[in-house]
Amino acid sequence: MNNIRSGLYELKSIVGAESILPYNESDEHPVEKDYFDTQNPLAVIVPNNADEISNIMKFCYANNLKITIRGGGSSVNGGVMSCGSDIILSLKKLNNIIEINEFERIAVVETGVVTEVLQKEVEKYGLSFPQNISSAGMSFIGGNIAIRSGSPKSFKYGTTANYILNLEVVLPNGEIIWTGKNVKKDSSGYNLTQLFTGSEGTLGIITKAVIKLIPLKKEWLFFIPFSSVSLLYDFIKEVLTLGLNPSSIEFLDAKGFDLVCSYLKDTRMKLDAGSYLWMEFETEVWQSDLPELEIINQLIFKYSDYDVLLAESSREREDLWKYRNKIGESCLDYCEFVDYDFSIPFSVSQEVYEKITTLLDEFNFEGIIVGHIGDGNFHINVFRDRNLSSEDWNSKINQCFIKITSVIVDFGGSIPGEHGVGYLNKKYFNLSVGETQIGIMKEIKKIFDPQGILNFDKIF
């Protein structure tokens, strides 16, 4: 577009002057901020509904104007970074819960609804969206759909993608479509709903979602320290071999746990353990006890000499979960860091864990490993070495992550595991996915977005 001011004027006629903000470095527009350094967008636009987005996209498509979609801003992959010649389109006004249907066990929502708001609302109906996403307090449900996000409960329930029944999507040319039907079974051709789930905003703008819900469960949470990571793995293997069915199995190494305790200024929980485990089980809400409790206790005493905590009430569970959920904030408070996320089969995860810790030592990196250990999804948080220049630091961390990627690929793993590719993970994604597969993905992108105006420079 030759005259951006003229273009912004026309967009104002679509959404209203109050909903489009020409970017000025002296202003603060939190909808375009991210965890990473980013270029300044041309403007920030905050539409009210799908129809306005449709008109915006028709205008942008006709004028070849790039759009970057903005959710809650909890991305750690650079997925909402501006390319400098784009308009940030924020979905924060699309925040209505349209319907909660107890009989069908579905919720129909706009995709700017904050995840935690949805979770609390459906609980009033005795239902649950079974994804306790750590960023639920700020992430939008649309962002979780766009990256197919996981959570501690993914061990039992899988990722967000498993609970998406249908989507309303605004295509790059402005056309509005529904990707499926609100039915449990549908064998009518290709599954467009799942194609958009995980597309990271590169194929269309998801404006509404029909989400499957499950009956609310009663939760029992164990917090178990172990003297070594090896004993922790032996314990998990026996739990699974016996056929016990946890809903969450979460891991944090010793340094990570010490970091959280320091951040929370809480010395009550500080131990000399080598690793920590949160293992959650579920029962029906009417059950007063956990049938497997005696078996689990016997196994714990077999592998751990530490005192074990069991939380049953929501307040007790919240108090225990905070030592796991606050790890991101603790890292941010401690030092600048890089988060590398991957998934591998659980059967090889102990061997991979040992190889990765060896690589981190070889590069003399300070970092922690945290993860959804039950489903083989780990996060390596490597802290910035301030003795190195930015150039040397970036080069060194890149060399290390390339070596780690090689290990992950050799063991049949996926990069990234749950954070999406975005901008920052592209180079590792390209190392882990074959050229043919990437070529197919690019052709799909061209079908929906031939001009490449949506989420430019992401994934590929």
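**Why is it called that?**

Student: What makes Tyr 340 count as buried?
Tutor: Tyr 340 has a relative accessibility of 1%. Buried means under 20% relative accessible area, exposed means over 50%, and partly exposed is in between (1.4 Å probe, protein chains only). So 1% puts Tyr 340 in the buried class.

Student: What sort of model is this?
Tutor: A predicted one: local features need pLDDT of at least 70 and side-chain atom pairs count only at pLDDT 80 or more, while totals for chains, interfaces and linings use all residues. Residues are numbered from 1 along each chain as its sequence is written, and side-chain values use heavy atoms, with hydrogens and water left out.

Student: Why is the pair of Tyr 340 and Phe 401 called tilted?
Tutor: Rings of Phe, Tyr and Trp (its six-membered ring) pair if their centres lie within 6.5 Å; planes under 30 degrees apart are stacked, over 60 edge-to-face, and the rest tilted. By this rule there are 22 aromatic pairs. In this one, the centres are 4.6 Å apart and the planes make 35°, so the pair passes the distance test and lands in the tilted class.

Student: What makes this pair a tie between separate parts?
Tutor: Tyr 340 is in strand E16 (residues 337–343) and Phe 401 is in helix H13 (residues 390–410), so the pair joins parts 61 residues apart in sequence. Those labels are DSSP runs numbered from the N terminus: helices are H or I with at least four residues, strands are E with at least two. Phe 401 is buried too, at 2%. Ring pairs also put Tyr 340 and Phe 401 in a cluster with Phe 251, Phe 342, Tyr 353, Phe 378 and Tyr 428.

Student: What makes E12 and E14 a pair of strands?
Tutor: Two strands pair if DSSP finds at least two bridges between them. Strand E12 (residues 217–226) and strand E14 (residues 275–284) have 10 antiparallel bridges, so they pair. Phe 226 stands opposite Ser 275 in E14. E12 also pairs with strand E15 (residues 309–311), antiparallel, over three bridges, and there Phe 223 has Leu 309 as its bridge partner.

Student: Why is E12 described as mostly covered?
Tutor: Because nine of its 10 residues are buried.

Student: How do you know that Ser 54 is buried?
Tutor: Its relative accessibility is 6%, so Ser 54 falls in the buried class. Ser 54 lies in helix H2 (residues 50–63). Not counting residues up to four places away in sequence, Ser 54 touches Val 170, Gly 174 and Ile 176, where contact means heavy atoms within 4.5 Å.

Student: What makes the charged end of Lys 66 sit over the ring of Phe 456?
Tutor: The rule asks for NZ of Lys or CZ of Arg within 6 Å of the ring centre and within 35 degrees of the ring normal. The charged end of Lys 66 is 4.7 Å from the centre of the Phe 456 ring, so it meets the distance part, and the pair is counted as sitting over the ring.
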